[in-house]
Amino acid sequence: MDLFSTFFNMPVLLNSLPQLLSGLLVTVQIGITSIICGLIGGLFLAITRLYAPTIVQVLVRGYIDIFRSIPLLVLLIVVYYALPFVGIRLSPFFSAVTALTLVSAAYTAEIFRAGIEAIPHGQFEASAALGLSNRHTMVDVILPQAIRIVIPPLTNNCINVMKDTALASVVAMPDLLKQATQAQALSANPTPLIGAALIYLILLWPMVYVVARLEKRYSRGR
Amino acid sequence: MSAQINIHNLKKSYGEFQVLHGIDLEIVQGEVVCVIGPSGSGKSTLIRCINRLEAFDDESEIAVDGIAVVPGRALAAVRAEVGMVFQSFNLFPHMTVLRNVMLAPMRVRHSTTKDAEARARVLLDRVGISEQADKYPENLSGGQQQRVAIARALAMEPKVLLFDEPTSALDPEMVGEVLDVMKKLAGTGVTMVIVTHEMGFARQVADRVIFMDGGNVIEAGPPAEIFDNPREERTRSFLHAVLDH
Ligand SMILES: Nc1ncnc2c1ncn2[C@@H]1O[C@H](COP(=O)(O)OP(=O)(O)OP(=O)(O)O)[C@@H](O)[C@H]1O
Ligand SMILES: [Mg+2]
């Protein structure tokens with residue numbers, strides 16, 4: 001058997017394609033759900049970390065540091081295999097989304113915090129002097145300016161979340177990687193794995209390109 | 001008539017360093033007060049305490065229109081009545097000039113978009129910026145930005161306007177246009193407290209000039225008195241230094 005028919009076996013690839021695509025769908029579902037939950041959680045954590053009473057700030061800081069330190073794979077396995085011992089039994093999908101969200105929220109929080117802290121103090125003072133509430137100051141004045149700063153690192157974080165969805169295959173989630181390994185076993189040929197790798201590339205390469213463009217644009221802007 | 005701004009025993013420290021040493025000051029409605037004094041004498045700190053951008057000692061008391069300037073709900077009420085114009089303009093860079101002026105009335109006074117816009121256009125016209133309403137702040141000159149900042153403060157229909165060196169960041173040729181707008185404001189009934197190094201302006205528009213040094217009010221009185229006939233040696237030497245060049 002030559003190299004080509006081993007790694008790029010067309011019949012095998014076509015045969016496994018439906019399976020890979022259904023895996024892709026699962027991967028995208030896990031990724032997008034985790035990204036959205038992570039963004040919401042991260043924004044909440046960032047604002048608490050900056051403006052909540054000191055005790056809460058310390059707690060949030062602890063959370064952020066812990067979830068940025070723990071390996072995602074370990075967290076995922078804890079969520080899926082250990083939590084059932086205390087009666088918390090999450091489906092593979094929710095285990096994956098929970099683990100990814102917890103970590104993504106921690107990273108996102110730091111990104112938002114840096115963005116908010118980058119806004120000149122005068123913007124807060126002008127808002128306060130006008131009588132704007134804290135909420136309006138954030139929503140109308142600070143966040144719209146911070147968004148420009150945080151978009152490149154946030155997009156970068158989204159890429160990481162998307163990549164990390166592959167870990168869900170260890171909790172029996174039929175995501176792209178899991179489907180590929182199963183198809184490989186079935187056909188006794190590694191082509192489905194190559195196919196999966198290519199699909200990941202097609203999915204993420206454009207995002208990597210977008211981040212590079214955004215970084216260039218916003219670093220030129222100010 | 002009781003004073004509109006009542007400052008009693010105002011003390012303020014940064015850590016060990018005391019910046020204001022128990023200032024007492026009463027300002028009546030419609031009065032134009034100019035605060036002068038050397039750098040670091042506490043002029044900015046004084047006016048920033050009036051709307052509590054700076055916290056001050058618990059024993060100190062400030063009231064605006066009878067409302068105590070303390071943290072909490074009352075502070076929002078005070079800030080809605082007290083406008084402020086900063087040395088560095090602090091316009092919102094992501095909003096057009098028009099939006100800058102409309103924002104606070106809509107959010108704080110719950111004006112409709114239509115009312116807020118109509119009023120903003122009137123104010124921009126008053127400060128001579130009506131042509132630039134749809135531009136972004138970065139596309140305006142410093143003098144124009146500062147006039148927008150004044151319009152933004154006026155949009156809240158404040159009873160008190162605080163100015164912290166409003167012309168110090170401007171190129172010399174733009175100082176006049178901002179001072180002209182302020183001159184027009186004086187005498188309209190709004191109380192103005194102005195920290196400034198523009199002695200000519202202070203002499204012309206102030207009802208009262210306050211000279212500060214080292215965190216104390218050294219001397220206060222009508223401009224003619226302070227500028228032509230200061231009682232205190234410190235006032236004299238300060239004026240000598242600034243008016244001499
Ligand atoms: N955030 C701060 N932390 C520590 N010290 C401060 C702070 N802000 C001001 N000070 C000090 O307080 C004193 C008074 O400052 P303030 O800004 O009120 O002076 P000023 O009269 O407005 O001077 P200028 O004419 O230079 O603006 C100065 O000695 C200054 O160094
Ligand atoms: Mg100052």
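Predicted model: local features only at pLDDT ≥ 70, side-chain atom pairs only at ≥ 80, totals over all residues.
User: Which pattern does chain A follow when read along the sequence?

Analyst: Along its sequence chain A reads α-α-α-α-α-α-α-α-α, that is, 9 helices and 0 strands. Taken along the principal axes, the box filled by the C-alpha atoms of chain A is roughly 75 × 50 × 25 Å.

User: How much area do chain B and chain A bury between them?

Analyst: The size of an interface is often given as the accessible area lost when the parts come together. In this model about 1500 Å² is buried between chain B and chain A, with 63% of that area on carbon and sulfur atoms. On the chain B side, the residues that lose the most area to chain A are F92(B), H94(B) and R107(B), which together account for 35% of what that side buries. Counted by contact, 21 residues of chain B meet 16 residues of chain A.

User: How many salt bridges are there between chain B and chain A?

Analyst: Side chains of opposite charge can pair when their charged atoms come close. Between chain B and chain A the count is 2 salt bridges, including the one in which the side chains of E125(A) and R48(B) meet at 2.5 Å, N to O. There are also 5 residue pairs in polar contact between chain B and chain A, both residues of each pair being at pLDDT 80 or more.

The side of chain B that touches chain A draws at least two residues from each of α2 (73-81), β6 (82-85), α3 (97-108) and α5 (142-154) of chain B, and α3(B) gives the most, with 4 residues. By class, that side of chain B comprises 14 nonpolar, 3 polar and 4 charged residues.

User: How many salt bridges does a search of the whole structure find over all chains?

Analyst: Over all chains the search finds 20 salt bridges. One of them joins the side chains of R119(B) and E157(B), at 3.3 Å from N to O. This pair links distant parts of the chain, with R119(B) in helix α4 (residues 113-126) of chain B and E157(B) in the loop between α5 and β7 (160-164) of chain B, 38 residues apart.

User: Of the 13 residues around ligand 1, which come nearest?

Analyst: A residue counts as near a molecule when one of its heavy atoms lies within 4 Å of it. Among the 13 residues around ligand 1, those that come nearest are S39(B), G40(B), K43(B), S44(B) and T45(B).

For G40(B), a polar backbone atom lies 2.8 Å from an oxygen atom of ligand 1. For S44(B), an N or O atom in the side chain is 2.6 Å from an oxygen atom of ligand 1, and for T45(B) a polar side-chain atom is 2.4 Å from an oxygen atom of ligand 1. Ligand 1 taken alone exposes 640 Å², of which the protein buries 60%.

The elements giving two or more residues to the shell around ligand 1 are β2 (17-27) and α1 (43-50) of chain B, and α1(B) gives the most, with 3 residues.

User: How does the shell around ligand 1 divide by class?

Analyst: The shell around ligand 1 has 7 polar, 4 nonpolar and 2 charged residues.

Terms used: Residues numbered from 1 in each chain as written. Chains lettered and ligands numbered in written order. Heavy atoms only, no water. Polar contact = N/O pair within 3.5 Å; in protein donor to acceptor, adjacent residues only side chain to side chain. Areas by Shrake-Rupley, 256 points an atom, 1.4 Å probe, with all protein chains shown as cover. Nonpolar A, V, L, I, M, F, W, Y, C, P; charged D, E, K, R; others polar. Contact = heavy atoms within 4.5 Å. Buried area = accessible area lost by both parts, 1.4 Å probe. Salt bridge = Lys/Arg side-chain N within 4 Å of Asp/Glu carboxyl O.
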